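Hi,

Here is the structure I promised to pass on. Have a look, and then read on for what turned up.

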Amino acid sequence: MISIVDKLGIWLMTGMLAILTIFFNMYLMLVILRSYQKKQKLNPCDLIIVAINVASIGLQVFTYLWQSLDQIDIYCSVNFTTAVMLSLVYSTKFIVFWCTAFLTFYYGTKLVMRPVDCYKRMQETIIKHVRLVLVVIYMSGFSHGMPFLALLHNYNVTSTVNDCGSIMPSDINGLAYVFYYIFISDIVPSIVMIKSSISIMFHLYHHLQDMKASTNGARGPKLGTQMRVIKMTLTLVVVFCIFVVIDLIVESTVALKRQNTITVTVLVASMYTTVSAAVLVYGKKSHWKDLISTYNLFLDEYPCLTGLKVAEVKTEPQENSNN
């Protein structure tokens with residue numbers, strides 16, 4: 001059971017995470033916007049990343065608003081409003097998870113070369129309709145989050161410590177929907193990401209074997225342009241799986257043991273958006289280089305902070321802009 005002091009600490013921690021998340025995601029969107037203004041086109045992977053950015057910022061905003069109402073409204077006088085906020089948290093979390101899974105699916109399809117078969121054609125068809133897939137993900141997110149208000153009673157029955165707007169299953173239908181939501185929002189995206197990461201690792205293994213067997217090393221530069229994207233994708237999968245396991249454990253305490261750990265669920269989602277946003281920035285060397293350069297320029301204005309500077313990296317001349 002979480003005490004009032006614990007909830008206050010989580011609230012403050014979520015606020016700090018929200019600042020970092022909004023910073024990283026806004027930075028990514030500004031960099032992508034600058035690239036779009038130069039090239040007058042938006043790469044599919046950039047479009048997916050922007051969808052993740054928007055959903056992540058929305059998740060942090062709804063998360064902080066819900067926790068703020070929970071802390072301020074001690075008598076739960078706006079209980080339904082708080083429940084709506086929590087439903088929006090679940091909706092945006094669904095969107096973030098599925099957009100991230102779609103990003104790994106996209107990279108897995110682009111990086112891994114397979115013989116043309118039925119499955120390959122299906123993948124290529126999905127990739128050709130990135131905008132439509134993202135619209136479906138967003139619509140699915142809200143359509144899966146809002147039913148919590150209809151199926152579950154939004155009053156506090158978790159513990160002696162109030163959780164305003166806590167939407168807890170009151171019957172078998174509500175409990176079944178909670179398990180369905182967890183399956184469709186946590187487990188299925190995990191399967192997609194793990195499958196994509198396995199394909200990428202096999203691709204990397206075979207590519208390294210081909211390079212080793214090659215006498216002229218002609219494939220070396222190509223791997224160099226892909227390696228950072230591969231590292232980013234695999235890191236996203238590892239981070240995603242870790243947070244999904246934690247989320248499943250916490251959700252089980254809410255649904256089965258009826259404990260007031262919804263605040264922990266919200267904190268886990270906030271931590272995930274912060275870490276994944278940092279990984280996305282690091283994933284493209286030009287983005288990371290610009291961020292480090294801007295950070296160092298900011299420190300130049302304050303000589304006493306020059307010791308905090310970070311060594312800048314050189315952008316690989318052959319880096320693929322489509323990544």
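A term first: a crossing is left-handed if the near helix is turned anticlockwise from the far one by less than a right angle, and right-handed if clockwise. Helices here are DSSP runs (H or I, at least four residues), numbered from the N terminus. Bear in mind that this is a predicted model, where local features need pLDDT of at least 70, side-chain atom pairs count only at pLDDT 80 or more, and totals for chains, interfaces and linings use all residues. Residues are numbered from 1 along each chain as its sequence is written, and side-chain values use heavy atoms, with hydrogens and water left out.

Now the H1 and H2 pair. H1 passes H2 in a left-handed crossing. The axes (lines fitted to C-alpha atoms over the stretch in contact, with angles from 0 to 180 degrees between N-to-C directions) of H1, residues 4–39, and H2, residues 44–72, come within 9 Å and cross at roughly 155 degrees. H1 and H2 are therefore roughly antiparallel, a label for angles over 145 degrees. Their contact has 16 nonpolar, 11 polar and 3 charged residues. In that count, Ala, Val, Leu, Ile, Met, Phe, Trp, Tyr, Cys and Pro are nonpolar, Asp, Glu, Lys and Arg are charged, and the others, Gly among them, are polar.

H3 (residues 79–111) also has a helix partner, H5 (residues 130–145). H3 and H5 pack at about 150 degrees, their axes 7 Å apart, which makes H3 roughly antiparallel to H5. This time the crossing is right-handed.

What about charges? The structure holds 1 salt bridge, meaning a side-chain nitrogen of Lys or Arg within 4 Å of a carboxyl oxygen of Asp or Glu. The side chains of Lys93 and Asp247 form that bridge, at 3.0 Å from N to O. Lys93 lies in H3 and Asp247 in H8 (residues 220–255), so the pair ties together parts 154 residues apart in sequence.

Cheers

Technical notes:
Helices (H or I, at least four residues) and strands (E, at least two) are DSSP runs, numbered from the N terminus. Angles under 35 degrees count as roughly parallel, over 145 as roughly antiparallel, 65 to 115 as roughly perpendicular and the rest as oblique.
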